[in-house]
Amino acid sequence: MAAAAHARATNERTLADQIELTLIPAPPFQEEVRGLEVAARFARAGLAEVRVDDVGNVLGTRPGAGDLPAVILSAHIDTVFGEDVPIRVTRDGARLAGPGISDDGRGLAVMLAVARALEAGGVATRRPVLFAATVGEEGLGDLRGAKRLVAPDGAGHGAAAFMSVDGAGLDRIVTRGLGSRRFRVRARATGGHSWVDRGFANPIHALGRLVAALARIHLPSEPESALTVARWGGGTSINAIPQDAWVEIDSRSIADEHLEATEATLRQIAATAANDENVGSRD
C-alpha cells in the first residue's frame with residue numbers, strides 16, 4: 001500500500017517532527033507557540049481548513065467522499081513539564097530522550113505522518129478525518145481542549161470515532177474510555193502565631209484529616225478505579241499557623257457512576273474534616 005510505504009520511507013522526517021516540536025515549550029495554558037507551529041505543519045501536510053479554535057486547539061481536515069460524521073485523530077499539544085524545566089532532546093541510535101518526547105511529542109509527529117501518508121498514497125476515505133491537536137491535557141488543563149472539541153458547538157461534536165495517540169508505547173491499544181475528575185480542596189482560617197495563637201484552627205491539619213481518610217478508602221477492582229492525592233501546600237512560615245492551604249486530588253474510573261460516588265464521598269469527608277478541626281479549635 002502506497003500510504004504505508006510512504007510512512008516507512010519517511011520515518012526520519014517523522015522523528016524530526018517529534019524532536020522539533022518537543023523542543024518548543026508547551027506547559028498547560030502556554031501551548032500557543034507550539035500550536036502555531038503544528039498549524040503550519042498541518043497546512044504543509046495537505047490538510048484543509050487549518051484553524052485554531054477559541055481554546056487553542058489546532059484543527060485540520062482531510063475531506064471524505066461522503067457527507068458523514070468525521071473520524072477524529074487527536075494528540076495533545078501540551079506537556080506535563082513546567083516552564084522551569086529546560087528542554088533538551090538527545091538521540092542514541094533509535095532511542096530519543098527528553099522531557100515530553102513521548103508524551104506527547106510522539107503523538108503530534110504521528111498525526112503529521114498519517115496526514116502526509118494519506119496524501120502521498122492518494123487514499124480516499126468515506127468519512128472526513130479531523131486532525132485535532134488539543135490543549136490542556138495535562139495537570140490542571142483537565143482535558144479542556146478535548147472537552148471543547150466534542151462540546152455541542154465543538155468541531156468534533158457527533159464524531160463517528162475518536163482516536164487519541166498519546167505516548168510512545170507500542171504494546172497496547174486502549175479501547176475503553178477512562179473518566180477522570182480532578183479536585184482542588186482549599187481550606188482557610190484566621191491563622192496566627194504558632195505559640196501565641198496556639199489552638200487556633202489549622203487549615204493544614206484539616207486537610208491532613210481529609211488525606212488520611214482518603215487513604216483509607218477501599219477502591220474496587222471492578223470497575224477499575226484510582227484515587228490519587230497528587231499535590232498539596234500552604235502556609236507562609238514555620239512559626240505561623242497557616243491561613244490558607246490546598247490539596248489536589250485526581251479521581252479516575254472506567255465507570256461514570258463510580259466517579260460520581262467518589263466525588264460525593266470526597267465532599268462528605270472534606271466537610272467532616274473541616275468540622276472536626278473547627279470543633280477542636282479555640283477560634
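**Figure 1. The buried residues of helix α4.** G105, G107, L108, A109, M111, L112, A113, A115, R116, A117 and L118 are the buried residues of α4, where buried means under 20% relative accessible area with a 1.4 Å probe, protein chains only. Helices here are DSSP runs of H or I with at least four residues, strands are runs of E with at least two, and both are numbered from the N terminus. Welcome to a predicted model, in which local features need pLDDT of at least 70, side-chain atom pairs count only at pLDDT 80 or more, and totals for chains, interfaces and linings use all residues. Residues are numbered from 1 along each chain as its sequence is written, and side-chain values use heavy atoms, leaving out hydrogens and water.

**Figure 2. What covers α4.** The cover over the buried residues of α4 includes the helices α1 (2–9), α2 (11–22) and α3 (32–44). It also includes the strands β2 (58–62), β3 (71–76) and β6 (129–134). Contact means heavy atoms within 4.5 Å.

**Figure 3. Helix α4 from end to end.** After α4 comes G122, whose phi is positive, near 60 degrees.

**Figure 4. Stepping back to the chain.** Seven helices and 12 strands make up the chain's list of elements. Its C-alpha atoms fill a box of roughly 75 × 40 × 35 Å, taken along the principal axes. Of its 283 residues, 39% count as buried.

Methods:
Buried means under 20% relative accessible area, exposed over 50%, partly exposed in between (1.4 Å probe, protein chains only).
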